Amino acid sequence: MKIKVGVIFGGSTVEHEISIISAVQAMGYMDQDKYEIIPIYVDKNKDWYTGKMLMDLEIYKDFNHLKRYAKQVVLVKKEDQFYLQTLGFWKRNIAELDIAFPIVHGNNAEDGTLAGYLDTVGIPYVGSHVLGAAMGQDKVIMKQVMKACNLPIVDYTWFYDTEYQQFEKDIKKDIKKIGYPVIVKPATLGSSVGIVYVKDEDKIDEAIMEATKYDNKIVVEKAITDLIEVNCSVLGNYEYQELSAIEEVMGTDEFLTYTDKYIGSGAKKGFKGTGSKGMAATDRVIPARIGDDLTKQVQEISKATFKALNLSGLCRIDFLVDKKKNKVYVNEPNTIPGSLSFYLWEPIGKKYPTLLDDMITLAIKDYKSRSRKVRTFDTN
């Protein structure tokens, strides 16, 4: 009997389209002899839809016109079974699910929001749970935790948008202490959205205003001028961690931009019928050209970061390497990385279908383990 996998993607997030690309890629590579794939698309209004048509990337170019061919649904639990159910007075069960597979990116989805909802319903799911997902999305919280765990991070400061309005001079002094150039980031976004590289104080106000378009919490961190960006994917849980190859990413700017990741020349070539390669399109060198000592550091720090932030399933840890100082810094984790970082596993012999299978198997084992823990007490 096939395992019924509900792949959830989309959502009310600026990374909505990236999520669609990642999910369609993954569904195209799942072993259909082993899994029954049920696509679950969450549109920008947070409405849920299902239907086999949603496995075709072309649908999303005009979804508002074509959505009448999909079924709008909600996720429900009935007698320890999970179903996608239609709306309205005459409710029907459209599909049964055994496990959910979120492939979502960004706020209102990857940040623990969806994980919390799935926990509330009670369905097993792939990936990090609420705490890990939330910490992995908030660049301030993750830095505070990593600093407490003695993991190497660059100097930074942070503030809310309202604080900048009230204490602009003091905040600019703090930024000056860090030393230009700096990178200004919205605290809870990914995919390089809203990030600005600032070479001097004349441009800092403009960069902060850009970041506040996307978030009320802003991070400003020291930019490494002699920089190599490297990434390592981790698969596992708190007990064990398996590591991918390490990539050296080749951006066209001071940092890897949204364009580098998703709109570069490679993205236009397509990937197994999706029309886009997503993160697989990024120019990269594998293995990263950083030498044995730095490679070992990246591997050790990847595992330590994974455990410190309470992550599970698969993630990608991004690093900044200062070539001049020969030093490694953790940049951030991606708890549901673009294209699920399959391209980092293939060089060490783990093909994409096997990676997806490992993720689902790990989630099932985790669900069974968590189910054995005491959750409630029967009282009079």
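Author: Lys34 touches Lys2, Ile3 and Asp357, leaving out residues up to four places away in sequence, where a contact means heavy atoms within 4.5 Å. The model is a predicted one, in which local features need pLDDT of at least 70 and side-chain atom pairs count only at pLDDT 80 or more, whereas totals for chains, interfaces and linings use all residues. Residues are numbered from 1 along each chain as its sequence is written, and side-chain values use heavy atoms, with hydrogens and water left out.

Lys34 sits in the loop between α1 (16-29) and β2 (35-42); helices (H or I, at least four residues) and strands (E, at least two) are DSSP runs, numbered from the N terminus. With a relative accessible area of 33%, Lys34 is partly exposed, a class that lies between buried (under 20% relative accessible area) and exposed (over 50%), as found with a 1.4 Å probe and protein chains only. Although Lys34 and Trp48 are 14 residues apart in sequence, their C-alpha atoms are 25 Å apart in space.

Strand β1 (residues 3-10) is joined to β2 by 8 bridges, and the two run parallel; strands are said to pair if DSSP finds at least two bridges between them. Within this pairing, Gly6 has Ile38 of β2 as its bridge partner.

Asp47 is partly exposed, with a relative accessible area of 28%, and, leaving aside its neighbours within four places in sequence, it is in contact with Tyr41, Val42 and Gln72. From Asp47 to Asp111 there are 64 residues in sequence, while the C-alpha atoms of the two are 18 Å apart. Lys46 is found in the loop between β2 and β3 as well, and it counts as exposed at 51% relative accessibility. Its phi is near 75°, a positive value in a residue other than glycine. As a background rule, most residues other than glycine have a negative phi, and most peptide bonds are trans.

Two further places can be read against that rule. Ser341, in the loop between β16 (327-334) and α11 (342-345), has a positive phi of about 55° although it is not a glycine, and Ser341 is buried, with a relative accessible area of 0%. The peptide bond from Tyr180 to Pro181 is cis, with omega near 0°, and Pro181 lies in the loop between α7 (168-178) and β9 (182-186). A cis peptide bond also joins Ile286 and Pro287, with omega about 0°, and Pro287 lies in the loop between β14 (284-285) and α10 (291-308).

Strand β4 (residues 71-78) is joined to β5 by 6 bridges, and they run antiparallel, with Val73 standing opposite Thr86 in β5. These two strands form a hairpin with 2 residues between them, and Glu79 in the turn has a positive phi of about 50°. Strand β5 (residues 81-86) is mostly covered, since 5 of its 6 residues are buried. From β5, 4 bridges lead on to strand β6 (residues 93-97), again with an antiparallel run, and Tyr83 has Glu96 in β6 as its bridge partner. The hairpin of β5 and β6 has 6 residues between the strands, and there Gly88 takes a positive phi near 90°.

Finally, the chain as a whole. The protein chain has 12 helices and 16 strands. Its radius of gyration is 21 Å, close to the 21 Å that the globule rule gives for 380 residues, so the chain is as compact as a globular protein of that length; the radius is taken over C-alpha atoms, and the rule is 2.2 Å times the number of residues to the power 0.38. The C-alpha atoms fill a box of roughly 60 × 60 × 45 Å, taken along the principal axes. Buried residues make up 56% of the 380 residues, and of the contacts between residues at least 6 apart in sequence, 66% join residues at least 24 apart.
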